[in-house]
Amino acid sequence: MSTKTPRKILTQLRGMTFPSFFLLLALLCGSINLHASQYPSLYAKDTEREAILEKIENEQWAKDAWKKIKAKIEPHADRHEKDPEWIVSRLAMYWKDGERYTQCYIKKQDWDYGEGNAPVPTVRLPGMRKWNNYINVPLGDRIPYNETGDMLGIDRSSDDKTPVLVPYKESGHMIRFNNEDILNLAETAAFAYWLTEEEKYAKFSGDILNTWLLGIYYMEPPLDPDESTGGPGGYAPGGIMGYYDYEQIHDNHQVPAAIAYDFVHDYLIENPHEHLATLEKNITEVAGTVFKRFIDLGLVRGGKHGNWNVNGFTNIVPVMLALESNEFYEDGKGSEYYIPYYTEITTDYHEALPDLIKMFDEKTGLWPESPGYASGIISSVLEMAMPLYRHGVDTVATTPLVQKAAMANFGWLDARGNYVVFGDMRGGPASFAVFERMLTYYTQEGDTENARAMATVIRKGINSGQYDRSSIDWKGLCLYQPLPESGSEIPFHRTAYSEFHRHLIMKNGNSEEDGMMFTLYGGRHRSHLSSNGLAMQFYGKGYSIGAKSASYESYWSEDFKYHSGVAGSNTIAPGYARGEITVNAMDPMSDPEGLYNTVETSPTCSFADISADEKRRLVAMVRTSPTTGYYVDIFRSDQEDNDYIQHVLGNNVSLANASGRGLKLESVDSLGTHHNEAYSFFKNPQVLEYTEDFVATWDITDVSPTLTTDLWMMGQEGRELYFVDAPPVTLRSDITPGMVNKSPQTTPVMIVRQNENNAKTNPFVGIFEVYNEGEKAIESINKIANTETFVALSVESTSGSQQTILNGIDGELHNAGKKVAFQGTFGIAPQNGKSFEYLYLGSGTLIKSGKYQIESVDGPASAELRQVDGKLYYSSNKPIKITLKKGKTKEYPAGYDIEIN
């Protein structure tokens, strides 16, 4: 059977004898009749080479990207011409003759032993399912022809970066990542060969690919006699194991292999590996056998629902497209046979696209898992959509919710473009590949309006420094389009609330320097969410300053219980960790039929009041100027003993009384009471018994100017104040200012313990302010009232403004001094000398300050009366009565930003 493509065969017609011509013509006809595959076809075709070269010539981002790609791969290709063993020897294989296993066995989800001896080295299976704390040393330092599988690794959580030898059976994913690194190089080199037609790249890629393909060809899928992975292994359906990994969702090496094969197929046909003659097969037949094993196993392994389902498909859909047509294979199963198992056919093991898309929320467009998984899912769906689209299968048009989902994740981004951290994720920037792929799709579809919308998102990422278009890989060179004219500012929303995730974001402004933002969320078990209690984060200078910890190594590491639970969050222990929540009040309120708010009551005030089991928390955000503001936290807990846990970024901490006099803590051996098992991760406790108001201060001195956070907290009886050293907040270098509290640094955590004093009637009341050195805006904070159901505070700003903060939980009328009365959930009555500023009523029936008053007509309302340039305006979600300075009371209908004449 001939496997030469028509293009390659026709180039050999010149100079042939007459009989030879007809012989080759017969082979050509047979080839076309058997299969009409063209190479390459996944991401580019020969007819598109000139267009891509033109893109590189005319688009600076493409030119710079190509330079980086070439600079990465060319030294490898050049060295390979002189030393062809260097790169191949670094593949993780069963190299030793006599131990070139053809059958591996699994026990307790880890590698147990191997049997058989192939005529060529076979590909080494990872030594264990679990992750470890080590990363591979650079490629040049890895052990060539490694016969033991012991890997040189660097502990990424340690200051000591000296490589250590990690035993094969303890090496985690180091084997998988090693081979992934090398196959990715083969993929890139294959593209470089196709683009430049320089044979050195094909030789480099082909030698890696041949070694890997033959090493897989001789090896059967692992067997799992005790079914620790949910099935017996081999070719039997069921369980989570892949062909070359313990989890089918991580079984991905065939993807770069298939892409490399697509680009260098014709080269491999013309330069066959010598072992193929022994097999009496060509590379097309060997590759087909190998790729179909991955596909066949992928279709009956992994998970039917959720991210397992989608991620499982990402490992086999590109490989389906790399196959020949049905008629090429004896079993009649080629590319067009397999593709419908993603686009149409749901089975007992996997949901096809029409069913999996139903997991996205139709109202919000969100995937029902944490942001890291949700963003990854829509990225995966679109990643598969691009090569499918090139093969005439438009999965974007047939599933319109994909387009909504692509934009929905913006609701989870902070001002810097980083994802908020909750559930199983580490944060970090959004994947702009999603928007690039949508731009490609809309451009090719001629949809100029949506193409401009995608360009706006991409330009915003570029301008904010979150995205460098010149850092794209070779796929971007093939697919990404020149940016059409567009804006660069993305409209933000004041509120984003997902009922499923029990997660709320509120913003005031969206600039990195001056924007304010907080999150409030309830715990949820599974769905890659976490049992973290009724937890809050607050932001400053574009960063999550009151942060959630997420520096765990893996789901199996000992510290995961800390980072995924109450102790690693800003909440109260003991008590509520997960379960349903009740939104008592919220302003701005999100649209019940969507993710975002559509109206807003006040440009200055935002708040949310949420109950969960025995706990109730109100968090508010108050602007004091376009560049300053603070956060209010009033946390009630119907327990006699409570620990208020607060993580704040900083490398220096201090404690003072309300007047600014320093307070000294005493080192102790332990925290005493442990309200959570993960308290064991808190080290070096210091304590002070203190029942009065206090101010805790965290400084980040690694940045200039110093970034400071103050927490003023109202005193209560039975208080002990602790500072402890907690685990790092993050493993990432891009989500804390100056990389503060990044591993291996510790994080300063404050625990305010309240003993034998019920925190429902005597709540934790705090005010947070984040500011640069010399820019503190709060002058003083004082308690006005504190009863079992009502709290009133006075916050004085350096500008001369004074805000009276009000919170009630009983619906009764309360007085805060002589001039202020309040009946509701949250209220603010500011004053600047004798000048009226505004009056804000949050889900209440009355607020009065001096001679100004707002009163609802029918049930709790959220309303504001504001003075701007000497004119009065009101906003309200319900009809209200307004009393002005002259004593006149008048009823007004619901509406927003309406001038009072």
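**View 1. F607 stands opposite A620 in β16.** The model shown is predicted. Strand β15 (residues 605-612) and strand β16 (residues 615-625) run antiparallel and are joined by 8 bridges. Their hairpin has 2 residues between the strands, and D613 takes a positive phi near 55° there.

**View 2. Strand β15 is largely enclosed by the rest of the structure, because 8 of its 8 residues are buried.** In a regular strand, side chains alternate between the two faces of the sheet. C605, F607, D609 and S611 point one way from β15, while S606, A608, I610 and A612 point the other way. On another side of the pairing, strand β14 (residues 582-587) is antiparallel to β15 over 5 bridges. M586 has A608 of β15 as its bridge partner.

**View 3. Three strands form an open sheet in the order β5-β6-β7, with antiparallel pairing.** β5 (134-136) and β7 (164-166) are the edge strands; each has a single partner, so one side of each lacks a neighbour in the sheet. From one strand to the next the twist averages 60°. Strand β6 (residues 151-155) pairs with β7 over 3 bridges, and L152 stands opposite L165 in β7.

**View 4. Helix α11 (residues 306-314) packs against helix α16 (residues 371-390) at an angle of about 35°.** The axes are 10 Å apart, and α11 passes α16 in a left-handed crossing. On α11 the contact involves N307, V310, N311, F313 and T314; on α16 it involves Y373, I377, S380, V381 and M384. By class, this contact has 6 nonpolar and 4 polar residues, with no charged residues.

Note on methods. Residues are numbered from 1 along each chain as its sequence is written. This is a predicted model: local features need pLDDT of at least 70, side-chain atom pairs count only at pLDDT 80 or more; totals for chains, interfaces and linings use all residues. Side-chain values use heavy atoms; hydrogens and water are left out. Axes are lines fitted to C-alpha atoms, for helices over the stretch in contact, and angles run from 0 to 180 degrees between N-to-C directions. Helices (H or I, at least four residues) and strands (E, at least two) are DSSP runs, numbered from the N terminus. A crossing is left-handed if the near helix is turned anticlockwise from the far one by less than a right angle, and right-handed if clockwise. Contact means heavy atoms within 4.5 Å. Ala, Val, Leu, Ile, Met, Phe, Trp, Tyr, Cys and Pro count as nonpolar, Asp, Glu, Lys and Arg as charged, and the others, Gly among them, as polar. Two strands pair if DSSP finds at least two bridges between them. Buried means under 20% relative accessible area, exposed over 50%, partly exposed in between (1.4 Å probe, protein chains only).
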